[in-house]
Amino acid sequence: MTAPIRIGREVSRVDANEKHNSDVYPELKELLMRNQRWAKHTNARDPSFFPRHYPGQRPEVLWIGCSDARVPETMIMGSQPGDIFVHRGIANLYTPNDDSLNAVLMIALINFKVKHIIVGGHSNCVGCQTALRASLLPPVPETQAIQRYLKPLTQLARLMATEEGPPSLDLLVEENVAQQVTNLLASQVVQDDWKRRGQFGVTVHGWVYQLENGIVRDLGVSQGPPTAKPGGRRMGVRFF
Ligand SMILES: [Zn+2]
């Protein structure tokens, strides 16, 4: 006889802290303790918080950001869980063959019909630093994942170099954000969204978070569907 399928709350759960080996992983024990404090505090402040979030989400914004631990989008934007749909990867890159991000884009645009996509770069980005350093060296075969992944950014840094030298890190960070906005605007997923939603289609924006002072700067490269009001200037170079 087949066992009944159990989902959601019927699945038995153990208390993570009871089972956790805190002698071996004390730092994870600390994280779990912090989670318990957060859950307790959140529930005390707003008893409807968890019941309200459990059934589903309705984010209006998709944030495409960097994996950097210093740039947690929900926290720096003063937002709450449920407000922002998120994809984060090294140096907030988008390429058409990135199916992880393509899938996120599809869910954001088709299911949630988000109004805005924000490419969120940040100052002192290690991904940009790495690409900038690589751009100063002769090209080599990309044998490692990080080299293959950063190739478009390394190419961008090379293109930005002048007789006076390579671009500054700050300039590369900004241009990279603008480039990803351009890449997203040209993507099949965004183009399909504009066909589907016409003038109400998604608008793509480029922002940079300044680690120095916590302020997010709008680069003014926003662009929505061609039938909508113009929202900014186009920047960047098309690689695809
Ligand atoms: Zn970064």
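Five strands form an open sheet of mixed pairing in the order S2-S1-S3-S4-S5, where strands are DSSP runs of E of at least two residues, helices are runs of H or I of at least four, and both are numbered from the N terminus. Two strands are taken to pair if DSSP finds at least two bridges between them. S2 and S5 (216-218) stand at the edges with a single partner strand each, so one side of each is left without a neighbour in the sheet. Neighbouring strands of this sheet are turned by 25° against each other on average, direction ignored. The model is a predicted one, in which local features need pLDDT of at least 70 and side-chain atom pairs count only at pLDDT 80 or more, whereas totals for chains, interfaces and linings use all residues. Residues are numbered from 1 along each chain as its sequence is written.

Within the sheet, S3 and S4 pair in the parallel sense over 7 bridges, and His-116 stands opposite Thr-203 in S4. On the other hand, S4 (residues 203-209) and S5 run antiparallel and are joined by 3 bridges, with Trp-207 opposite Asp-218 in S5. The hairpin of S4 and S5 has 6 residues between the strands, and in this hairpin Gly-214 takes a positive phi near 80°. A residue is called buried if 20 or more other C-beta atoms, placed from the backbone, lie within 10 Å of its own, exposed if 12 or fewer do, and partly exposed in between. Because 7 of the 7 residues of S4 are buried, this strand is largely enclosed by the rest of the structure. Thr-203, His-205, Trp-207 and Tyr-209 point one way from S4, while Val-204, Gly-206 and Val-208 point the other way, and all are buried.

The UniProt record, an unreviewed entry, places the feature "binding site" at Cys-66, Asp-68, His-122 and Cys-125. Although these positions are spread over 60 residues of sequence, they cluster in space, the largest C-alpha distance being 8.9 Å. UniProt positions are given in the numbering used here with shortened feature names, and annotations may be inferred rather than shown by experiment. His-122 has its place in strand S3 and counts as buried, with 24 C-beta neighbours inside 10 Å. Contacts are assigned where the C-beta atoms of two residues, placed from the backbone, lie within 7 Å. Apart from neighbours within four places in sequence, His-122 is in contact with Cys-66, Asp-68, Val-71, Val-208, Tyr-209 and Leu-211. Cys-125 is found in the loop between S3 and helix H6 (126-135) and is likewise buried, with 28 C-beta neighbours inside 10 Å; leaving aside neighbours within four places in sequence, Cys-125 is in contact with Cys-66, Asp-68, Ala-91 and Val-173.

H6 and helix H7 (residues 145-160) pack at an angle of about 60° with their axes 8 Å apart, the axes being lines fitted to C-alpha atoms over the stretch in contact and the angles running from 0 to 180 degrees between N-to-C directions. The two helices are therefore oblique to each other, a class for angles that are not under 35 degrees (roughly parallel), over 145 (roughly antiparallel) or 65 to 115 (roughly perpendicular). Residues that meet across this pair include Gly-127 and Leu-132 in H6 and Leu-150 and Ala-157 in H7.

Asn-92, in the loop between strand S2 (84-89) and helix H5 (99-111), has a positive phi of about 40° although it is not a glycine.
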